[in-house]
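Visitor: I would like to learn to read a model feature by feature. Could you walk me through this one?

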Amino acid sequence: MTHTFTSKRDTAIGKVKLTWKHEDSRSGDYAEEHPQHFFGSSVATWIADTDFSRIYDALVREGYMFTMWLVKQDVDAPYGIRAYAPDVPEEDLEYLGTWYPDDAFPEKFK
């Protein structure tokens, strides 16, 4: 399965097209035995879901800078949050990036 998300933004440096792609080439059986999910967090909230776009859209609407992670555990797995990131073993965590929604930029930079 491939997760692809593209975002077009007007930023301080001009128009930018950002594309993020994550290739999940795991077989169906392997994926069932080794679940994973996405985790997004900002200064205001955090969201865990198997749908990257659902998290991204919700955090953009908030208007704060946010960070996304791939957590190689079931979405219902119990874990803590430390410094806005999932508190899981390093081998179960992959940093995907930090996004700056348009509303997060001061007006003078638009």
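Predicted model: local features only at pLDDT ≥ 70, side-chain atom pairs only at ≥ 80, totals over all residues.

Guide: Gladly! Start just after H2, where Gly63 has a positive phi of about 85°. Residues are numbered from 1 along each chain as its sequence is written, and side-chain values use heavy atoms, with hydrogens and water left out.

Visitor: What does a side-chain oxygen of Asp51 reach at the start of H2?

Guide: This is a case for polar contacts (N or O atoms within 3.5 Å; within protein, one must be able to donate a hydrogen and the other to accept it, and residues adjacent in sequence count only if both atoms are side-chain atoms). Here, a side-chain oxygen of Asp51 comes within 2.9 Å of the backbone nitrogen of Ser53.

Visitor: Which residues of H2 are buried?

Guide: Burial is read from relative accessible area: buried is under 20%, exposed over 50% and partly exposed in between (1.4 Å probe, protein chains only). In H2, the buried residues are Phe52, Ile55, Tyr56, Ala58, Leu59 and Val60. Take Ile55, which lies in helix H2: its relative accessible area is 0%, so Ile55 is buried. Ile55 also has a C-alpha 8.6 Å from that of Met68, although the two are 13 residues apart in sequence.

Visitor: Now the rings, please. How many aromatic pairs does a search of the whole structure find?

Guide: A pair of aromatic rings is described by the distance of the centres and the angle of the planes. Rings of Phe, Tyr and Trp (its six-membered ring) pair if their centres lie within 6.5 Å; planes under 30 degrees apart count as stacked, over 60 as edge-to-face and the rest as tilted. Searching the whole structure gives nine aromatic pairs. In one of them, Phe38 and Phe52 have ring centres 5.5 Å apart and planes at 75°, so this pair is edge-to-face. Phe38 sits in strand E3 (residues 37-42) and Phe52 in helix H2 (residues 52-62), so the pair links distant parts of the chain, 14 residues apart. Phe38 is buried, at 2% relative accessible area, and Phe52 is buried too, at 3%.

Visitor: What kind of pair do Trp69 and Tyr95 form?

Guide: Trp69 and Tyr95 are also edge-to-face, at 5.2 Å centre to centre and 70° between the planes. Trp69 belongs to strand E5 (residues 66-71) and Tyr95 to strand E8 (residues 93-99), so this pair ties together parts 26 residues apart in sequence. With 15% relative accessible area, Trp69 is buried, whereas Tyr95 is partly exposed at 47%. As for groups of rings, Phe38, Phe52, Tyr56, Phe66 and Trp99 make up one aromatic cluster.

Visitor: Are the faces of E5 covered or exposed?

Guide: Both faces of E5 are covered: Phe66, Met68 and Leu70 are buried on one side, and Thr67, Trp69 and Val71 on the other. E3 has both faces covered too, with His37, Phe39 and Ser41 buried on one side and Phe38, Gly40 and Ser42 on the other. His37 has 1% relative accessibility, so it counts as buried, and its side chain makes a polar contact of 2.8 Å with that of Tyr79.

Methods: Helix = DSSP H or I, 4+ residues; strand = E, 2+ residues; numbered from the N terminus.
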